[in-house]
Amino acid sequence: MSKIYERENQLIIRFPPEIAEKIRESFANNQQLPMTIEPKIGKGLEFEVSINSLKYQDKGVLVDLPTITESYKSKDFINLYKSNDISQMIWVGKTSNTRQCGDKVVCDSGLTPPTYDIRKDFHRKQPQIDINEIQRVEKELHIIQSEFMKQQEEEDNGSDDGKKGKKRYNKF
(Lines give C-alpha, C1' and ligand atoms only; values in the text may rest on other atoms or scores of the structure.)
Protein backbone atom coordinates (compact mmCIF):
# COMPACT_ATOMS: atom_id res chain seq x y z
CA MET A 1 0.00 0.00 0.00
CA SER A 2 1.42 3.36 -1.01
CA LYS A 3 1.51 6.34 1.27
CA ILE A 4 0.30 9.79 0.30
CA TYR A 5 3.80 11.28 0.10
CA GLU A 6 4.93 8.52 -2.27
CA ARG A 7 2.31 9.38 -4.87
CA GLU A 8 2.92 11.82 -7.64
CA ASN A 9 1.00 15.08 -7.38
CA GLN A 10 1.04 17.73 -10.08
CA LEU A 11 -0.18 21.28 -9.88
CA ILE A 12 -0.38 24.34 -12.11
CA ILE A 13 -0.01 27.75 -10.50
CA ARG A 14 -0.28 30.96 -12.54
CA PHE A 15 1.51 33.94 -11.02
CA PRO A 16 1.52 37.59 -12.13
CA PRO A 17 4.19 38.16 -14.84
CA GLU A 18 6.65 40.08 -12.62
CA ILE A 19 6.62 37.37 -9.92
CA ALA A 20 6.75 34.58 -12.51
CA GLU A 21 9.94 36.12 -13.96
CA LYS A 22 11.59 36.14 -10.53
CA ILE A 23 10.59 32.51 -9.98
CA ARG A 24 12.07 31.53 -13.37
CA GLU A 25 15.34 33.28 -12.49
CA SER A 26 15.59 31.44 -9.16
CA PHE A 27 14.96 28.09 -10.88
CA ALA A 28 17.59 28.91 -13.52
CA ASN A 29 20.11 29.64 -10.75
CA ASN A 30 19.20 26.42 -8.86
CA GLN A 31 18.12 28.40 -5.82
CA GLN A 32 15.77 27.01 -3.20
CA LEU A 33 12.41 28.77 -3.28
CA PRO A 34 10.41 28.14 -0.09
CA MET A 35 6.76 28.48 -1.01
CA THR A 36 3.65 27.78 1.04
CA ILE A 37 0.15 27.22 -0.28
CA GLU A 38 -2.55 26.97 2.38
CA PRO A 39 -6.32 26.85 1.87
CA LYS A 40 -8.37 29.54 3.59
CA ILE A 41 -10.61 28.03 6.21
CA GLY A 42 -14.28 28.38 5.34
CA LYS A 43 -13.55 29.33 1.72
CA GLY A 44 -12.95 26.17 -0.28
CA LEU A 45 -11.71 27.83 -3.45
CA GLU A 46 -9.28 30.38 -2.01
CA PHE A 47 -5.67 29.86 -0.97
CA GLU A 48 -2.99 31.90 0.76
CA VAL A 49 0.16 31.76 -1.38
CA SER A 50 3.44 33.11 -0.02
CA ILE A 51 7.01 32.95 -1.28
CA ASN A 52 9.35 33.57 1.63
CA SER A 53 12.52 34.56 -0.25
CA LEU A 54 10.67 37.12 -2.41
CA LYS A 55 8.54 38.40 0.49
CA TYR A 56 5.48 37.92 -1.67
CA GLN A 57 2.03 37.06 -0.36
CA ASP A 58 -1.25 37.07 -2.25
CA LYS A 59 -4.44 35.09 -2.51
CA GLY A 60 -4.97 32.35 -5.04
CA VAL A 61 -8.22 31.04 -6.48
CA LEU A 62 -8.81 27.49 -7.70
CA VAL A 63 -10.22 27.71 -11.25
CA ASP A 64 -11.49 25.02 -13.61
CA LEU A 65 -9.70 24.97 -16.97
CA PRO A 66 -11.80 24.75 -20.15
CA THR A 67 -9.72 21.86 -21.50
CA ILE A 68 -7.90 18.92 -19.98
CA THR A 69 -4.13 19.34 -20.04
CA GLU A 70 -2.05 16.18 -20.27
CA SER A 71 1.38 16.09 -18.66
CA TYR A 72 4.13 13.74 -19.74
CA LYS A 73 7.36 12.49 -18.16
CA SER A 74 10.44 10.73 -19.39
CA LYS A 75 12.98 8.58 -17.59
CA ASP A 76 15.45 8.23 -20.47
CA PHE A 77 14.81 11.53 -22.34
CA ILE A 78 13.57 9.54 -25.35
CA ASN A 79 10.35 7.80 -24.44
CA LEU A 80 7.48 9.75 -22.93
CA TYR A 81 4.66 8.44 -20.82
CA LYS A 82 1.53 10.22 -19.72
CA SER A 83 1.73 10.97 -16.03
CA ASN A 84 -1.39 13.02 -15.28
CA ASP A 85 -4.47 14.88 -16.53
CA ILE A 86 -4.79 18.41 -15.17
CA SER A 87 -8.14 20.20 -15.23
CA GLN A 88 -7.69 22.84 -12.52
CA MET A 89 -5.10 25.44 -11.59
CA ILE A 90 -4.48 27.97 -8.85
CA TRP A 91 -4.58 31.51 -10.21
CA VAL A 92 -2.59 33.87 -7.97
CA GLY A 93 -3.24 37.61 -8.10
CA LYS A 94 -5.79 39.39 -10.24
CA THR A 95 -7.92 36.89 -12.14
CA SER A 96 -8.97 37.77 -15.65
CA ASN A 97 -10.95 35.64 -18.12
CA THR A 98 -12.68 33.94 -15.17
CA ARG A 99 -16.27 33.94 -14.08
CA GLN A 100 -18.29 32.55 -11.21
CA CYS A 101 -20.41 29.58 -12.24
CA GLY A 102 -22.37 28.42 -9.21
CA ASP A 103 -19.87 27.51 -6.51
CA LYS A 104 -17.01 27.11 -9.02
CA VAL A 105 -14.74 29.64 -10.69
CA VAL A 106 -14.42 28.86 -14.41
CA CYS A 107 -11.65 30.05 -16.72
CA ASP A 108 -12.69 30.95 -20.28
CA SER A 109 -9.18 30.66 -21.75
CA GLY A 110 -6.77 27.76 -21.74
CA LEU A 111 -3.07 27.71 -20.94
CA THR A 112 -1.70 28.38 -24.45
CA PRO A 113 -2.39 31.15 -26.99
CA PRO A 114 -4.41 28.91 -29.36
CA THR A 115 -6.86 28.23 -26.54
CA TYR A 116 -7.63 31.90 -25.84
CA ASP A 117 -11.42 32.23 -25.33
CA ILE A 118 -11.86 28.56 -26.25
CA ARG A 119 -15.03 28.25 -24.20
CA LYS A 120 -16.69 31.02 -26.24
CA ASP A 121 -15.49 29.50 -29.52
CA PHE A 122 -16.68 26.01 -28.55
CA HIS A 123 -20.18 27.18 -27.66
CA ARG A 124 -20.73 29.54 -30.59
CA LYS A 125 -23.70 28.98 -32.86
CA GLN A 126 -23.06 27.11 -36.08
CA PRO A 127 -24.32 28.73 -39.31
CA GLN A 128 -27.54 27.31 -40.68
CA ILE A 129 -26.99 25.51 -44.00
CA ASP A 130 -29.84 25.15 -46.48
CA ILE A 131 -29.95 21.51 -47.63
CA ASN A 132 -31.86 22.40 -50.84
CA GLU A 133 -29.03 24.75 -51.85
CA ILE A 134 -26.45 22.00 -51.29
CA GLN A 135 -28.46 19.54 -53.40
CA ARG A 136 -28.82 22.09 -56.22
CA VAL A 137 -25.06 22.75 -56.27
CA GLU A 138 -24.32 19.00 -56.25
CA LYS A 139 -26.60 18.51 -59.28
CA GLU A 140 -24.85 21.33 -61.14
CA LEU A 141 -21.44 19.84 -60.35
CA HIS A 142 -22.62 16.42 -61.54
CA ILE A 143 -23.83 17.93 -64.84
CA ILE A 144 -20.52 19.75 -65.34
CA GLN A 145 -18.56 16.58 -64.56
CA SER A 146 -20.61 14.43 -66.97
CA GLU A 147 -20.17 17.02 -69.78
CA PHE A 148 -16.42 17.04 -69.15
CA MET A 149 -16.27 13.22 -69.27
CA LYS A 150 -18.23 13.18 -72.58
CA GLN A 151 -15.84 15.74 -74.03
CA GLN A 152 -12.83 13.63 -72.95
CA GLU A 153 -14.32 10.49 -74.56
CA GLU A 154 -14.94 12.36 -77.83
CA GLU A 155 -11.35 13.62 -77.89
CA ASP A 156 -9.97 10.14 -77.18
CA ASN A 157 -12.13 8.48 -79.87
CA GLY A 158 -11.66 11.16 -82.52
CA SER A 159 -7.88 11.51 -82.45
CA ASP A 160 -6.67 7.96 -83.04
CA ASP A 161 -3.26 8.32 -84.67
CA GLY A 162 -2.48 4.61 -84.91
CA LYS A 163 -0.55 4.31 -81.69
CA LYS A 164 -2.48 1.71 -79.76
CA GLY A 165 -1.74 0.86 -76.16
CA LYS A 166 -0.34 4.28 -75.32
CA LYS A 167 -2.46 6.41 -73.02
CA ARG A 168 -2.51 10.15 -73.23
CA TYR A 169 -2.91 12.28 -70.16
CA ASN A 170 -4.06 15.83 -70.52
CA LYS A 171 -3.21 18.45 -67.99
CA PHE A 172 -6.16 20.46 -66.80
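Predicted model: local features only at pLDDT ≥ 70, side-chain atom pairs only at ≥ 80, totals over all residues.
The protein contains 3 helices and 7 strands, arranged along the sequence in the pattern β-α-β-β-β-β-β-β-α-α. Of its 172 residues, 21% count as buried. Among contacts between residues at least 6 apart in sequence, 45% join residues at least 24 apart.

The largest nonpolar core comprises 12 residues, namely Phe15, Ile19, Ala20, Ile23, Leu33, Phe47, Val49, Ile51, Tyr56, Leu62, Ile90 and Val92. At least two residues of this core come from each of α1 (17-28), β3 (46-51), β4 and β5 (80-92). A second, separate core of 9 residues includes Val63, Leu65, Met89 and Cys107. In soluble globular proteins, nonpolar side chains tend to be buried together. Within the largest core, the member Val92 has contacts that reach beyond its sequence neighbourhood: with residues up to four places away left aside, Val92 touches Ile13, Arg14, Phe15, Pro16, Val49, Tyr56, Asp58, Lys59 and Gly60.

Strand β4 spans residues 56-74 and contains Thr67. With a relative accessibility of 29%, Thr67 counts as partly exposed. Beyond four places in sequence, the contacts of Thr67 are with Ile86 and Ile118. Thr67 also lies 6.6 Å from Gly110, C-alpha to C-alpha, although 43 residues separate the two in sequence.

Strands β6 (residues 98-101) and β7 (residues 104-107) pair in the antiparallel sense over 4 bridges. Within this pairing, Gln100 has Val105 of β7 as its bridge partner. The hairpin formed by β6 and β7 has 2 residues between the strands, and Gly102 adopts a positive phi near 70 degrees there.

Asp117 is located in the loop between β7 and α2 (118-122). Its relative accessible area is 16%, and Asp117 is therefore classed as buried, since the cut-off for burial is under 20%. Excluding neighbours within four places in sequence, the contacts of Asp117 are with Asn97, Asp108 and Ser109. Thr67, by contrast, is partly exposed at 29%.

Key
Residues numbered from 1 in each chain as written. Heavy atoms only, no water. Buried < 20%, exposed > 50% of the residue type's maximum accessible area, 1.4 Å probe, protein only. Contact = heavy atoms within 4.5 Å. Pairing = 2+ DSSP bridges. Core = buried A, V, L, I, M, F, W, Y, C linked by side-chain atoms within 4.5 Å.
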